[in-house]
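Open the model in your viewer and have the selection tool ready.

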Amino acid sequence: MLKIADKEFSSRLFTGTGKFSSLPLMQEALFASESELVTVALRRVDVNNRKDDLLSYLKHPRINLLPNTSGVRTAKEAVFAAQLAREALETNWLKLEIHPDPKYLMPDAVETLLATEELAKAGFIILPYIHADPVLCKRLENAGAAAVMPLGSPIGSNKGLKTIDFLEIIIEQSTIPVIVDAGIGSPSDAARAMEIGADAVLVNTAIAVSENPVQMASAFKMAVEAGRMAFMARLAKQENYAVASSPLTAFLDEEF
Amino acid sequence: MKNFKDLFETYHWDEAKESIYSKTKNDVEQALNSPKRTLEDFKALVSPAAAPYLEPMAQLSHRLTQKRFGKTVQLFIPLYLSNECTNICTYCGFSLDNKVKRRTLTENEILQEVAVIKKMGYEHVLLVTGEANQTVHVEYFKKVLKLIRPFFAQVSMEVQPLDTDEYTELIPLGLTSVLVYQETYHKADYRKHHPKGKKSSFDYRLETPDRLGRAGINKMGLGVLIGLEDWRTDSFFTALHLHYLERTYWQTRYSLSFPRLRPFSGGLQPKMEMNNRELVQLICAYRLFNEELEISLSTRETEQFRNHCVPLGITSISAGSRTNPGGYAVEPGSLEQFEISDERSSLEIAEMIRAKGYEPVWKDWDKVLQ
């Protein structure tokens, strides 16, 4: 079972709540995904309104909320937003995303590291959204992150695992869970991420914007399970070299 | 210091216009097939040669918009604070030479207006004024921002252009975005339509987005008033401006609007009319050129047209708007800046958005992000 901080998850598919055509449909898709960790943008929540529409559709014993800091541009703003999120959503879990670039929503490595250090010290469970940068992931681990969330390709792009070579290094080196976030465009991308050993994936756009989000959520659920199972069963190795004959070493079998 | 004016001055209106009008079907097809579109592609997409490609452009625009913004449409409402104005603009109901009763809302009156707006459900308000620097100045804006900030998640402004240090003062008070329309990039025509007042300086207006960028504004809105000049050429210059700004002020978000000249009391006839088909072409051309751009559609447009535009590439929409100061509560009957075509209430618009398969979004920002 996947464990992040002190929480165990039987589903390795995490989901987002944005971009759906309606809240009832979002809820139905989330149920179909069987996801247990669901991100919510703080900017979309009316923190003064306990009956906020979005939150009322997320009230379910299986669903844990993961507030995100989308919209903040610096570590300072992120720390402020984190405190508000903790108060408003009654959780100390936080998906830390700091993107000063509103066009491609590229995460700021420097600010993210600073904010992780400060927030982890303050008792937050931090899941930082970052580039697929193996060194940065190790630095975040040391700074107290509970997991790392490297991107597969630009957020919302549905381009799949463009960063796969770096993801493999991150997965190899990490002692905390690795969640591939952003860019996963199809169930096969999700399965691939799981096959290479990711601990979980986070999917939003590919589900929300599909023609049938409920069916797509269910497809992702199965793909994540299949990918995980394949990882556990150890994929048969792809052979990059010929084994049929050994022209360079055959002489060793000859009698001298 | 970088400035758009320097880049702008290397271009010539007539050359740009000719280049747009000489685009061919081949250029359009190349633009449609390209994964990343350039300014030359944009020219092809707004050119007459692209007219037969409207449906494929709309399909692409629809897909790209959903990919980025999901199946959602944001809602906002304008709050007119003042119609005092020292400018003469040939197309505007608030022009100095227009004999209308002038009013600048007091704090008490603003609160009355806010109460009505809040009942409609809005979290994003757009403050609008004319240009009367003696009474409606930066101190007035500071007062207003402090007054209304507790009521809204997001505050935008569409007022006279200000200096960088003035924007710098207003941003921490809760100012998220500023809209400044160039009206037209045709310098001679600009002079003709703005004969008097501070607005008559083409360059000061042209440099406003640079000043906003330097002040670190979160979002800025660009656009031209469609009907003053050749809309294809004016739109190309808007795209050029956007292209420059995105690279220079990369931490800022950008939005665009396409106000078409509408009649007002004593109104100006458009020099060049743009039909609905052409407006759709323009919306799609911008989306194909820039996937991240926020695009809003004015209440100047008719109900039917607005309904159909929702899935095409629009990301935000206003509803229940009044374009006169005091229009919601204080003095509902006073003269408006321009006539509104779509008079539906915010609830009716939200219902229409839902019926189109989209979620109406009232809140997508937070005070904490300032």
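Select residues 13-21 of chain B, which form helix α2, and residues 231-248 of chain B, which form helix α12. In this predicted model, the two helices pack at an angle of about 110°, and their axes are 9 Å apart. Angles of 65 to 115 degrees count as roughly perpendicular, so α2(B) and α12(B) are roughly perpendicular to each other. Now show the side chains at the contact: α2(B) supplies Trp13(B), Ala16(B), Lys17(B) and Ile20(B), while α12(B) supplies Arg232(B), Thr233(B) and Phe236(B). By class, this contact has four nonpolar, one polar and two charged residues.

Next, display both chains and select the contact between them. Chain A contributes 26 residues and chain B contributes 21 residues. On the side of chain B that touches chain A, the largest share comes from helix α5(B), residues 54-69, with three residues. That side of chain B has 11 charged, five polar and five nonpolar residues.

Finally, go to chain A and centre on Ile98(A), in the loop between β6 (93-96) and α4 (109-121). Is Ile98(A) buried or exposed? Ile98(A) has 28 other C-beta atoms within 10 Å, and 20 or more make a residue buried, so Ile98(A) is buried. Leaving aside neighbours within four places in sequence, the contacts of Ile98(A) include Thr69(A), Val72(A), Ala78(A), Pro107(A), Glu111(A) and Ala115(A). To end, draw a C-alpha to C-alpha distance from Ile98(A) to Glu77(A): the two are 8.9 Å apart in space and 21 residues apart in sequence.

Technical notes
Residues numbered from 1 in each chain as written. Chains lettered and ligands numbered in written order. Predicted model: local features only at pLDDT ≥ 70, side-chain atom pairs only at ≥ 80, totals over all residues. Contact = placed C-beta atoms within 7 Å. Helix = DSSP H or I, 4+ residues; strand = E, 2+ residues; numbered from the N terminus. Nonpolar A, V, L, I, M, F, W, Y, C, P; charged D, E, K, R; others polar. Buried ≥ 20, exposed ≤ 12 C-beta atoms within 10 Å, placed from the backbone. Axes fitted to C-alpha atoms, helices over the stretch in contact; angles between N-to-C directions. Parallel < 35°, antiparallel > 145°, perpendicular 65-115°, else oblique.
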